[in-house]
Amino acid sequence: MNDKVVMPVWTFGLFIVLMNTTMFNVSIPSIIGDIGVSASLGSWIISSYSIGYALSTMIYSRLSDVLPIRRLLTVGLVILGLASVFGIFVTNFQALLFARIAQSAGAGVTAGLGLVIASRYIPYERRGRAISMISAGAAMAFGMGPIVGGLITEYMGWNGLFGFTSLVLVLLPVLLRLLPKEQPKPFRFDILGAVLTVVNAVTILTAVTQRSFLWLAVGILSVAAHIWHLSRKNESFINPKLFAEPKYRKLLLVGFSILMLNLGNLFIMPLVLANLFKDSPLIIGLVIAPGAIFSAFLTRFVGRWIDRYGNIRVLIIGHVVLALVLIVFWANLDISPAVILIGYLFFSPAASASLASLNNETSRILPSNLIGSGMGFMQLIQFFGGSFSVAFCGMLLDYQKKGSLVHAYETVYAVLIAVSICSLILLFRYLLSNRQTASLRDNEARST
């Protein structure tokens with residue numbers, strides 16, 4: 001496989017898919033007005049896609065252990081493309097919600113299999129560049145989504161957003177020509193485990209997004225049922241062998257934290273710009289976009305740094321930068337939009353580099369037979385971090401709505417700073433355990 005061609009094409013596909021998330025965020029007011037639904041009902045246009053996207057990412061990654069990637073890619077992109085074409089013509093809420101859920105069922109194939117391809121077919125010595133390219137594409141999508149979504153909605157209407165996403169159908173024959181052929185492996189699909197995974201994700205994410213203790217109780221019960229299922233099933237959908245490795249468990253927590261910081265900040269920055277400085281959606285997008293563009297520009301360098309200096313060193317440096325930027329935001333939030341513009345120029349590349357080095361380190365410690373399930377579950381946990389962050393930040397703002405906006409935003413940033421520090425401490429513990437393991441191996445080698 002020629003990864004120098006495959007990975008840029010794949011990253012462009014991921015860029016389109018992730019743009020499909022952020023483009024709709026700025027179009028929600030127009031959609032609610034056009035189809036005549038409440039804001040709470042309209043929010044499901046976003047949350048339903050997010051829940052389905054997380055689940056499909058995990059499912060495609062898990063199936064890649066036994067099914068050819070080309071076959072999974074075909075199924076995923078065809079579902080996404082056809083749902084997008086259908087969405088161009090929808091005029092009511094029910095059809096729109098169906099289109100978004102159908103989109104999410106195919107969208108996870110790009111995020112889930114991109115890391116699997118890099119881990120399976122790209123040598124470790126240059127794998128960091130490929131994974132950093134994927135992370136940069138994600139950062140660019142998060143930054144450019146509001147601008148592109150605002151422009152399309154203003155000049156073409158919100159149905160035009162579906163037209164943009166349908167471009168994935170053009171990429172499908174190109175990728176099928178470039179990807180290596182694989183043979184399916186015999187396996188037994190754990191249907192109950194897959195269903196429990198879906199129930200776990202839907203109930204917990206619903207509990208977070210709707211702030212419901214009832215849904216949380218149902219989610220906890222479903223998780224307990226899933227744990228019982230894992231203890232008695234040999235070939236389960238989520239492989240329990242993953243959790244036997246302490247290093248993997250630590251990296252899961254770090255991945256949760258990175259997305260919590262990234263999406264939490266992306267949620268707060270537009271609110272600060274709109275409510276404190278009265279900026280329009282287009283101006284907000286223009287303030288955020290330079291950081292995303294700069295992150296994409298640094299992709300090739302970040303990949304080289306990861307391959308040259310190692311994953312953990314880049315992870316630690318990235319975390320330090322994230323924490324410093326959040327501290328600057330916390331201390332200077334109401335001074336000028338320029339603070340956010342300049343701060344995000346550092347924050348976005350640091351988040352992208354941290355995510356790339358984390359995923360590369362995860363691929364390094366996982367055995368080959370657990371790459372698909374391990375990387376898929378890692379992305380599912382990362383998504384939970386982002387979703388939890390947005391819901392939790394929104395809840396904090398609601399609790400402080402009677403106070404000053406500046407104080408409310410400062411409180412949210414203080415929480416994010418605390419998360420970044422905890423994640424950094426966890427990384428130092430991970431580094432220490434790695435050094436202890438290496439020292440033991442050296443001693444054993446000398447004794448023999």
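Tyr344 and Phe347 both belong to helix H15, three residues apart, which is about one turn of the helix. Helices here are DSSP runs (H or I, at least four residues), numbered from the N terminus. The model is predicted: local features need pLDDT of at least 70, side-chain atom pairs count only at pLDDT 80 or more, and totals for chains, interfaces and linings use all residues. Residues are numbered from 1 along each chain as its sequence is written, and side-chain values use heavy atoms, with hydrogens and water left out.

Both Tyr344 and Phe347 are buried, a term for under 20% relative accessible area, with exposed meaning over 50% and partly exposed in between (1.4 Å probe, protein chains only). Helix H15 spans residues 337-365 and also holds Glu361. Glu361 is buried as well, at a relative accessible area of 2%. Leaving aside residues up to four places away in sequence, Glu361 touches Tyr124, Leu251, Asn311, Ile312, Tyr430 and Asn434; contact means heavy atoms within 4.5 Å.

Rings of Phe, Tyr and Trp (its six-membered ring) pair if their centres lie within 6.5 Å; planes under 30 degrees apart count as stacked, over 60 as edge-to-face and the rest as tilted. By this rule there are six aromatic pairs. One of them joins Phe329 and Tyr413 edge-to-face, at 5.6 Å centre to centre and 70° between the planes. That pair links distant parts of the chain, with Phe329 in helix H14 (residues 311-332) and Tyr413 in helix H17 (residues 405-447), 84 residues apart. Phe329 and Tyr413 are both buried. Tyr344 and Phe347 form a stacked pair, with 6.1 Å centre to centre and 20° between the planes.

Definitions and conventions. Helices (H or I, at least four residues) and strands (E, at least two) are DSSP runs, numbered from the N terminus.
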